[in-house]
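Trainee: I would like to learn how to read charged pairs, surface patches and ring contacts in a model. Please take them in turn.

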Amino acid sequence: MEAGRFYHIYNHANGSENLFRNEENYNFFLRKWSHHIEPIADSYAYCLMPNHFHFLVLNKG
């Protein structure tokens, strides 16, 4: 990833599976995101849906 560039990060579950099955799954994911991603990228927008997610981030570089 290049410093100072925006990136669209997304992922989708396999088939009809869900990534997030209850509210705690969303909270757990966001805690992990904050711990691992926020030190290296600023999150500008995100959308968490039961079977996929999207993030718009800016690499801090």
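Mentor: Begin with glutamate 2, which forms a salt bridge with arginine 5, the closest N and O atoms lying 3.7 Å apart. Before going on, note that this is a predicted model: local features need pLDDT of at least 70, side-chain atom pairs count only at pLDDT 80 or more, and totals for chains, interfaces and linings use all residues. Residues are numbered from 1 along each chain as its sequence is written, and side-chain values use heavy atoms, with hydrogens and water left out.

Trainee: What counts as a salt bridge?

Mentor: Side chains of opposite charge can pair when their charged atoms come close. The cut-off here is a side-chain nitrogen of Lys or Arg within 4 Å of a carboxyl oxygen of Asp or Glu.

Trainee: How many salt bridges does the structure hold?

Mentor: There are 4. Among them, glutamate 17 meets arginine 21 at 3.2 Å, N to O, and arginine 31 pairs with glutamate 24 at 2.8 Å.

Trainee: Is arginine 21 buried or exposed?

Mentor: Buried means under 20% relative accessible area, exposed over 50%, and partly exposed in between (1.4 Å probe, protein chains only). Arginine 21 has 62%, so it is exposed. Glutamate 24 is partly exposed at 41%, and arginine 31 is partly exposed at 47%.

Trainee: Which residues form a nonpolar patch on the surface?

Mentor: Patches take residues with over 30% relative accessible area and no salt bridge, joining like charges within 9 Å and nonpolar side chains (Val, Leu, Ile, Met, Phe, Trp, Tyr) within 5 Å. Here Phe6, Tyr44 and Leu56 form one, with about 320 Å² of accessible area together (Shrake-Rupley method, 1.4 Å probe; for residues, only the protein chains shown count as cover). Leucine 56 is partly exposed at 36%.

Trainee: How many aromatic pairs are there?

Mentor: Rings of Phe, Tyr and Trp (its six-membered ring) pair if their centres lie within 6.5 Å; planes under 30 degrees apart count as stacked, over 60 as edge-to-face and the rest as tilted. That rule gives 9 aromatic pairs. In one of them, phenylalanine 20 and tyrosine 26 have ring centres 4.6 Å apart and planes at 20 degrees, so the pair is stacked. Phenylalanine 20 also pairs edge-to-face with phenylalanine 29, at 5.4 Å centre to centre and 80 degrees between the planes.

Trainee: Which residues form the aromatic cluster?

Mentor: Phe20, Tyr26, Phe29, Trp33, Tyr46, Phe53 and Phe55 form one cluster. Within that group, phenylalanine 20 is buried, at 4% relative accessibility.
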